[in-house]
Amino acid sequence: MNPLFSINSLALAGVASGVALLAPVAQSAQDVAIQAGRIYLVEDGAVIENGTVLVRDGRIVAVGDDVSIPRGVRVVDYGPDAVLTPGLVSADSGYGSSIAAGRTASPTLRASDHFDPYSNLKSALGVGVTSVYLAPARGRLIAGQGAVIKTYGEEGGQSRLISDSACLHGSIAAEARRTPGYWEIPVPATVDVGLGVEQPQLPRSTMGAIVALEELLTLSDAALAEEYGEEAGPALKALMASKTPWRMGAGSVGEVCALLEFFGKNELPLVLDSDYGAAEKPEVVAAAGVAVIAGPQGRSGTDFGASPDSNWPDPSSISRLVQAGVPVAIVARNGVDVRAAAALARKGGMSAEQALRSVTLTPAEVLGVADRVGSLSVGKDADFAVFNGAPMQATSSVIATWVSGELAHKPKSDVATVLEVEELHLGDGHVLRPGQLLMNDGRVAEIGTVVAHPRGATVVRGVAAMPGMIDVLGYLGTEGSNGRFDPRFDLRRILEAGDDLDRRVAKAGITTVNMGAKSATSPSTTMAYKPAGEDLERMVVSPAACMRLNWNHSSRTEAGKSVRSTLGKAADYKKKWEEYEAAIAKWTPPAPEEAKDEAKDEDEDEDEEEEGAEEEDSKKESEEKKKKKKKKGEKAPARPVTGEWTGAAKSEDGQHLIRIRLLERNLGLEGTLRADGVDELISLEGVRDEYHVTLRGLSSLGVVTFDLQLEDKTLSGQATLDGATADATLEQVSEVYPVAQRPEESKAVSTPTPKGKPRSPGIDANLEPIRQAMLGKGAVVVAVDRDDDILACVAAFEAHGIKPILWGAKSAIKVAGQIQGRVAGIITGTNVARLSQAGIPIAFASQAEQGAAALPQRVAALVAGGMSPTAALRSLTSDAARMFALDDRIGFLRAGFDADVLLLDGSPLNVSSTIQRVWVNGEEIR
Amino acid sequence: MIQQPTRLLQRIAQTHLALTLGLLGCSFLLSAQAEAGEKYAVRAGTVHTLAGEAIPNGVIVIEGGRITAVGSADDVKIPWDAEVLDVPHLEAYPGFVEAHTSSGMDRPNESVAVAPFLNVRDSIDPVAFYFEDCLRSGITTVNVQQGNACVIGAVGMVVKPRGMTVEEMLVRPRSGLKISAAPKSGMSRATQAQTLRAAFTGLRNHLEDLVQQKRNGNDYSRREALYQGRDLSGERGKGRAMMSKGWTVEGLELVPRGEVDEKQEPLLDLVEGRVPAWIYCGAPMDVRLAIELASDNGFLERTTLVLDDSCWKAADLIAEAGVSVVLDSTLVRTETDPKTEEEEEIFIPGVFKDKGIPFALSSRNSSTESLWFQAAMCMAHGFTRAEAMAAITATPAKILGLEGKVGCLCPGAAGNVLLTSGDPLSVTSFIEYVVIDGNLVYDRSADIRTQHLLEGVVPEGTESHAEEPEVEEDTRKKAGDEAGDEAGDEAGDDGGSR
C-alpha cells in the first residue's frame, strides 16, 4: 500500500550528518520536512497516510511514510487532519491580458511579457494554485505564445517563469472571428499618401479559420508577410520546428471536429480548449489522443445562446471526457480556483482522484511542465497545497501553500477554527450529535450539526467537545500569598498574561478561575479570570466576581454576628444611595451662573468614580437624566428614543441578549435588531405614542414584535417571536443612531457642581459588592457549615433580598428542602449527589493554586460516588457561571459567548475520557 | 499676453546673435546669447560652486555666455567693461538641471505608436508658462522629451528656459530618443514588448533590404529618396559601415545614408550610438524589458531609465546593468509586505544611493515640489547637502552629457547663476535673481506673478477691465443702473486687492 518513495534514507542521513559535522551552520535553513495526515502523490494515484515530504533547495528529495528526517531539519507538521497535495496547476487564468495584437496571427506575442516577477499572485496562492498559465491575448486565430509561471517566488527573480513558450495560443471559436481589419496609420498622410483602408483579416467562419491555418502552414514567408505581417512566417516556422503544441479554442462540436481533422492531417500537436464541444464526442477526442482544457462554468458575462443547439452549462460533460479516457485539465473560467471547479465537475461521476489529477498532473502535462510540477515525486519542485479536509470536498479549504520549498501563503492566524465532533456538549445539558462549532475572533460564532467553514479555517476533528471548566474558588495567581485581598484593591493589577503555570492549568481544562485570597476570615473580593488568556483585557471575566463573608465562628454566640453587621451596614449604605438618588431627582439646579464654587464636589465625585465600578457611571447618567427631567418641569415629555438600546429578552427557554438601534423620524420609528443566537440583522419598523413604543420586524424565524414602555432610559415590555413571548428590558446606551456618516461627538460639558446639590454618599468598596448583590447584580459567598447556621444565614440574606452562595455547608443536606430556591448555589464536596438531586446548584472549588488542574479528577471521584455525570458537567460549567452571574460570557457553548472549548477523546460524561486540546478565547493553548 | 514675459524677464542684453546651430553632431553645447565680448560679473556674499569649497565674498565673471573666472573678490578682477550685479547679501548657486520633463510642449504625446521620426523641437512652446516658472524655481537647464505614453517616441532636446524661439532656447539638440517599456494606452505589456522588438527587427529588415537591393543593382530606394526630395549630397550621399554594439548589417556601407528611410533613421542613430535613449518604466517588471531591449540593440550604455516610483524594487537589476536613472517625483512610497501585510515606507532616492546608481531627481510640476523641494526632501531623509544638491545639478548634467557645462560654477561652464536670499533648499528663502548665459533673466523684485500672489500687488495694466468703458454721454445715462453696479464692483475689487 505504501510504496517506498524515499531515496535511500541511510545514504541521505549519512550525507546530512556529514554536512552537519563539517559545518553545522551550513545545515540549510531551506531544508524542511513537511508532514500531514494524508499525502496525495497524484502519480499513479498513490496516497500516503501520515507521511513526510523532505525538501531541499526547493525540490523534493524524499516522500513517504518512512522518511528519516536528518538532524537539524526544520519539521512542519500540519497534523493528522491535514491533507497535502501537489500545488495545483491552473491551465488558464485571467492574469495575462485580453488585448490582442492587430494581426490575426501574431505568434511573436509572448505571454511571458505579462509576467511580473515583483508581484505574488495572492488570489491563486489562497486557493492552493502554485502554477498558472498566462494567455498572451485572447480572441485571435493565433494570439501568441502562452507562458507558465509560479504564483510565488523571490522578488524580481526570473526562476518563477517555468515555460515562456508553453504553446501557441489560438482559437477558431466565435471569440476569434471578430478580428478587426488591419490598418496601419500612413506616415505622413498627405494628399499624395491616402489614409488607406482597412485590410480585412481571416477568419469570419470555421471554414475561414481552417483556410487561414492552411495558409500559415503552406505559404512562403514573403506571401505571409502581406497577409499576416512580416514576422508571422519565420516565427511560426521556428515554433513548429521546436514542436510547440497548439492550444486551440473551439466552441461547438463542429469546430472541435474541424480542428481534430486539420491537426491530424498535418500531424501537429494539438490541445483543445473547449468547455462543451469536445464533450459531445468524447470517443472521437479520445481516439485522436488529444488532451482537453475545460471548465465547468463559463466566463462571467457570457451568454450561452438561446437556440436549441447552443451548449448550456453542463458540469457533467467533463466527467464524460474523463471516463472516455481523455486527459482533461480542469480550469476555472472565472478565476483560478481550479479546486472548486474540479469539485463541481465531479457531478458527472468522476472520482475524487481523477478530479485531483485534472488540476495537478494533467494540466502540468498539457502545459509541458510536468517535469517540474504536477505531482509529488523526487526531483520535482516542492510545490504543495495543504488542505484542512479532503481536497475535493466543498467545505475544505487551503491552510497553507508552499512554492519551491517556501511557505508562500497561509491564511491569517486570526481566522476561524471549526470543531467537528461526534458529541458537542453545550454545558447546559444539551448535546448535539454530531456537532460542529465555529470559533471566530475569540468567540463562538456558530453552533450546529453543520456550520460555516470560512476559507482558511482550521478544522479540528475529535470525539467530543464541551465548554471550558470553572474553578469557582482557587488561589491560582496569588503566587502563594496568604494575605487577604482588601476589597479596595484592584485585583486586575496582579494579573500577568502568558504565565506558564496558568497555561498548564488551562491545559487541564480549567479555563476560568475565580481567584480569591486563602484567608477568608474577614470580607474580601474575588476576581474571575482566564488563566491562559493572551491579552489582559480579555483575561478578566469579572474584576469583582463575588464578596466573600464568613458566618462561622469558633464561638457559637458570635457566629454570623459580623455578617449580620456587614449586612446592616450595607443596608444603611444602600439606603443612603437611595436617598441620594431620590434627592438628586428632586433637586432643581440653580441657574448656571451661580454654580462656580462647587467645583470641589465635582472633583471628589470624579475621584470616587475612579475607584468605583461602572455603577457610578450609570449613577451619573441617572443624575443627568433626572436633572433634565426637572429642568423641563413636572410633566416632562418623553425623551427621544433614537439611539442604541441593549438588553435581554427573557423567556422560558432562557435569556437572549438583544441590541436594537432606533431612528425616530417624523411619524414613525425604524431601526435594526440583533439578537444572540440569530445570525441575521432584522429590520424593524414601529410607532411610538409618547411613552409607548411598538416595533415590528420580519426575520427568517418569523415575525418579531415588541410592545414596550419607555421610562427614562429604559424600555421594557413584551417581545414576541413567532408566537413565543418573552420579557424584554432594554437600556439606552447611546443616543446616536450609527450611520455611515460620522456622528458628531456630543461634547461632555463639565459644568461645576451647583450650590445646594445633594452630596453623593461615595463608593464604599467594602459594601458596594453587597449593595450590588442586593440589587441582584452580584454574588456573595458565605462560609457556613452547621445546619442551623445555614438556615439563619439564608434567612439573614433573604431579609436583604440576596440569594447567597454557601461555602462548605457540610450539613446543607439536612436542610436542603428548606434552602432550595433561597440560595444561588453551594460550593461543597459533601453530599453533592443528594444536594443536586434536591435541585440545589453545586459548584466546585479547588482551593489551591496549580491544584486547580486536579479539579476534574476530584469531580470524577464524586461521579464515581454517585453524582449524576450530567449534573457534574453542569456544576463545572453552566451552574458555576450562573451562580456568579458570569453566564453572559462563559459556562456555555453558545453563539456570542467566549470560545473556551475543550476537545476530548471521549464523552465528558465518561470519567475515563481525557482532554486533548484546549481553546481559550478562540486561541489554542499549547 | 506675449508682453508679459518680456517685461518680466528684464533683458539686459538687447542684442542677440542668432547663431544658427547645426542640428547634427553638435559638439559645442551652448549657444552664445550675448554678443562675443559682452561681459557680466556677479559679486555675491557666498559663491557655492558645487565643485569645491564655498567662496565667501566671491566673484563670478561671465564672458561670451560662459564663466571665465570664479573666486574670491580679492583674487578675481572684474573686467572694467563688465556689467556687475553686486549683491553681497545674496548667495550664488549654479542653476538646477531638470534631467527629463514632458512639460513646455503644446502636446506631449503622439497617437502613432512607433514615431522616432518626430522631434520635440516642433512641439516646444517658448512662451509656455512652464519655462517662466522654471526660472522662479531656479531651473536653468531642461531636457524636454516626449511624454511617457508612447512605444518609440520623439527625439528630445535640452533647452534653457528663456528665449522667444526654440533656436534661442537650444542647449543641445537630439538629446535622446524616448522609448516606453510600459504599455501605451490600449496596449498590453505583451503587445508593447512585441511592438518594441518588432521596431528594431523592422529596422534590420529594412537595412538588409537596402543592401540586397544595392547588391542586386536596383535603385528603388534612391528613386524614392529623390522623389521625396531628400538630399543625397555630401555625407548623406555616402555609405558607412554600421557601427553598432548590438547587431550589424553586412554591407551597409554600400547604401548612401540619404537613402535610409527617414522614418527609420533615428532608430539607426540610436543603434549606432549617435543619440542616447530615455526609456520609461511604469512598473518594476518593465525594467527587465528596457534593459533587454537596450542591450540586445547595443545602446545600453547610452540609456537612462525614467522610473515610476514603484521601480525601486528593480534597483538590483538597474545596478547590474549600470545605467543611470531619473526618479519619479514621488520620493516616499508605502509598500505592503505581501506575507505579513506590514506597511513599510520606502525612501526611494535612498535605495538608489545605497546601490550606487546615479540618479537625478525630477520636479512634480513647475511650481510645487520642484527640484529644490525634492532635494530638500532628500536632506530630510538623511542625505548630505552635497548628495542632495548633486541629484539636481551634477548628476543630471552628467546624464545629459553636459558635465562641467551646467550644474556647477566653474570656468568653462555656462553662465547660469542663481542668487538666493539664503539656503535654496529652504522654504523661507527665495531665488532673487537668475542669470542665464550671462544675462539677467529673472528678478524677483520685478516678478509680477509672485508679487501678486504673495503681496497682493495688482500688476500694472491688468486693471483695464475695471476702467469704465469710454461711451457717449447719452448711452451712459441709459445704462445708468448697470454702470452704477459696475462701479460698485470696482470699488470692492480695489478694496480687496489693497
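This is a predicted model: local features need pLDDT of at least 70, side-chain atom pairs count only at pLDDT 80 or more; totals for chains, interfaces and linings use all residues.
Let me start with helix 21 (residues 855-864) and helix 22 (residues 869-876) of chain A, whose axes come within 9 Å and cross at roughly 155 degrees; axes here are lines fitted to C-alpha atoms, for helices over the stretch in contact, and angles run from 0 to 180 degrees between N-to-C directions. Helices (H or I, at least four residues) and strands (E, at least two) are DSSP runs, numbered from the N terminus. Helix 21 of chain A and helix 22 of chain A are therefore roughly antiparallel to each other, where angles under 35 degrees count as roughly parallel, over 145 as roughly antiparallel, 65 to 115 as roughly perpendicular and the rest as oblique. Helix 21 of chain A passes helix 22 of chain A in a right-handed crossing; a crossing is left-handed if the near helix is turned anticlockwise from the far one by less than a right angle, and right-handed if clockwise.

Residues are numbered from 1 along each chain as its sequence is written, and chains are lettered from A and ligands numbered from 1 in the order in which they are written.

Which residues of helix 21 of chain A meet helix 22 of chain A? From helix 21 of chain A they are A:Val859, A:Leu862 and A:Val863, and these meet A:Pro869, A:Ala872 and A:Leu876 in helix 22 of chain A, with contact taken as C-beta atoms, placed from the backbone, that lie within 7 Å. By class, this contact of helix 21 with helix 22 of chain A has 6 nonpolar, no polar and no charged residues; Ala, Val, Leu, Ile, Met, Phe, Trp, Tyr, Cys and Pro count as nonpolar, Asp, Glu, Lys and Arg as charged, and the others, Gly among them, as polar.

Another helix pair in chain A is helix 3 (residues 206-218) with helix 6 (residues 253-266), whose axes come within 10 Å and cross at roughly 20 degrees. That angle makes helix 3 of chain A roughly parallel to helix 6 of chain A, and the crossing is right-handed. On the side of helix 3 of chain A the contact involves A:Thr206, A:Ile210, A:Leu213 and A:Leu217, which meet A:Gly254, A:Glu255, A:Ala258, A:Phe262 and A:Asn266 in helix 6 of chain A. The residues of this contact between helix 3 and helix 6 of chain A divide into 5 nonpolar, 3 polar and 1 charged.

In the loop between strand 9 (161-171) and helix 3 of chain A we find A:Pro203, and a cis peptide bond joins A:Leu202 to A:Pro203, with omega about -5 degrees. The peptide bond from A:Arg433 to A:Pro434 is also cis, with omega near -10 degrees, and A:Pro434 sits in the loop between strand 18 (431-432) and strand 19 (435-440) of chain A.

Turning to the strands of chain A, strand 1 (residues 32-40) and strand 5 (residues 83-86) pair in the parallel sense over 2 bridges, where two strands pair if DSSP finds at least two bridges between them. A:Ile39 stands opposite A:Leu84 in strand 5 of chain A. Strand 5 of chain A is joined by 4 bridges to strand 14 (residues 384-387) of chain A, and these two run antiparallel, with A:Ala385 in strand 14 of chain A as the bridge partner of A:Thr85.

Now to chain B, where 8 strands form an open sheet in the order 5-6-7-8-9-10-11-14, with mixed pairing. Strand 5 (96-101) and strand 14 (359-360) of chain B stand at the edges with a single partner strand each, so one side of each is left without a neighbour in the sheet. Within chain B, strand 9 (residues 277-281) and strand 10 (residues 303-307) pair in the parallel sense over 5 bridges, and B:Trp278 stands opposite B:Thr304 in strand 10 of chain B.

Finally, how many residues does each chain give to the contact between chain A and chain B? The contact takes 23 residues from chain A and 21 residues from chain B, and the side of chain A that touches chain B divides into 10 nonpolar, 6 polar and 7 charged residues.

Terms used
Two residues are in contact if their C-beta atoms, placed from the backbone, lie within 7 Å.
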